[in-house]
Amino acid sequence: MKPMRILLAAVLGASYVGGFYAQEKPSAKTVKAVRFGKLWDAKGKLWTNAVVIVEGDRIRNVTTDASAIPAGAETIDLSKYTGLPGLIDVHTHLTIYTDQTPGQPMLKQLTNNPPAVEVFLARKGAMRTLEAGVTTVRDLGADQYMDIAMRDLINRGEMIGPRMFVCGYGLYITNTPYKPGMNPPAGGIADGVPEVLKAVRQQIAAGADVIKMYASTGTDDDVTGFETYTYEEMKAAVEMAHQFGKKIAIHSYGPNGARDAVRAGADSLEHATDMDDATIEEMAKRGTFMCQRSITTATTSKTETRSGTPRDTKRSCKRSFQGIWRRLARHSRRA
């Protein structure tokens, strides 16, 4: 029981210090002192009897000297618990709301609600994310700029949730058949270098913090890995994003999409299944980040029963991820 208590306390402490204060909009800056029995600072030091001084929505000081608590400060005693900095989830889709039907793949549960309704429903996920100790997320893909709306509402203090770094529409190739009549393209669709450049500029103009590109098939119950964007298209997206000071995350299942995404200069590779050793070695040399998001669904039996993805597929994904991590560690040591 003790390890669980420590973990729970760490998460609660992180959400309390890193998240809830950011939602307050006091007329004058309030000062609070939060006491922890232990506090890990994410820099290699474990503090004992730590005191975190919070002024308004900012942490001003971390100390073990109780006399440093300002006069009149509100003291919150969490000395039975261990604290840690707010956690960061680098791949979320907070605006996706499903009814969690058992046995149904996630993307087949999406509801067809107006954007305002979707954002309202998504507030519950944002709050739960914060309450779990995650105070910052990188949200990688939303329809009709709902992620930008959520980010701005949270920043204004009108919605409770983590800090959000968002991408607007993710870029993807045409995936619908021809229909006669006037059919404006959906947001994010881009075919060929000129359209890719335009789509990247559109996301930046909308207020995106980061760019997302779907460079292969594969997601949810689709475990195929066909490359969808060419190297030249990926390179164009990377260069335009970097020109505006933005990072770019590229979605990849299968070896070909990963290879070209890394060569093109992607800042992070999302999912990154079935990479070959040459690509992994190149990632280590370039310092490309890898986010194997699907490992959460590959390792939790509860998710297996609710998502509808076959168990043998998830076991295969788990083995693939474990192998990639071992090879990446080996190549990183060499680099």
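Which residue lies over the face of W47, and at what distance from the ring centre? I looked this up first in the predicted model and found K45, at 3.9 Å from the ring centre.

**Charge over a ring.** I then turned to R123. Its charged end sits over the ring of F120, 3.9 Å from the centre of that ring.

**Aromatic pairing.** The partners are Y145 and Y169, arranged edge-to-face, with 5.0 Å from centre to centre and 75° between the planes. I noted that Y145 belongs to the loop between strand 6 (134–139) and helix 3 (146–155), and Y169 to the loop between strand 7 (163–166) and helix 4, so the pair ties together parts 24 residues apart in sequence. I also checked accessibility: Y145, at 26% relative accessibility, counts as partly exposed, whereas Y169, at 14%, counts as buried.

**Nonpolar cores.** The largest nonpolar core holds 29 residues, and I recorded V196, M213, I250 and L269 as those touching the most other members. At least two residues of this core come from each of helix 4 (193–206), strand 8 (210–214), helix 5 (231–243), strand 9 (247–253), helix 6 (255–264), strand 10 (268–273) and helix 7 (277–286). Helix 5 gives the largest share, six residues. I found a second, separate core of 13 residues, with A126, M150, M159 and V166 among them.

**Contacts of L269.** Setting aside neighbours within four places in sequence, I listed the residues in contact with L269; among them are I250, S252, A258, A261 and V262. The list also includes M275, M283, T288, F289, M290 and C291.

Note on methods:
Residues numbered from 1 in each chain as written. Predicted model: local features only at pLDDT ≥ 70, side-chain atom pairs only at ≥ 80, totals over all residues. Heavy atoms only, no water. Core = buried A, V, L, I, M, F, W, Y, C linked by side-chain atoms within 4.5 Å. Buried < 20%, exposed > 50% of the residue type's maximum accessible area, 1.4 Å probe, protein only. Helix = DSSP H or I, 4+ residues; strand = E, 2+ residues; numbered from the N terminus. Contact = heavy atoms within 4.5 Å. Phe/Tyr/Trp six-rings, centres within 6.5 Å; stacked < 30°, edge-to-face > 60°. Lys NZ or Arg CZ within 6 Å of the ring centre and 35° of its normal.
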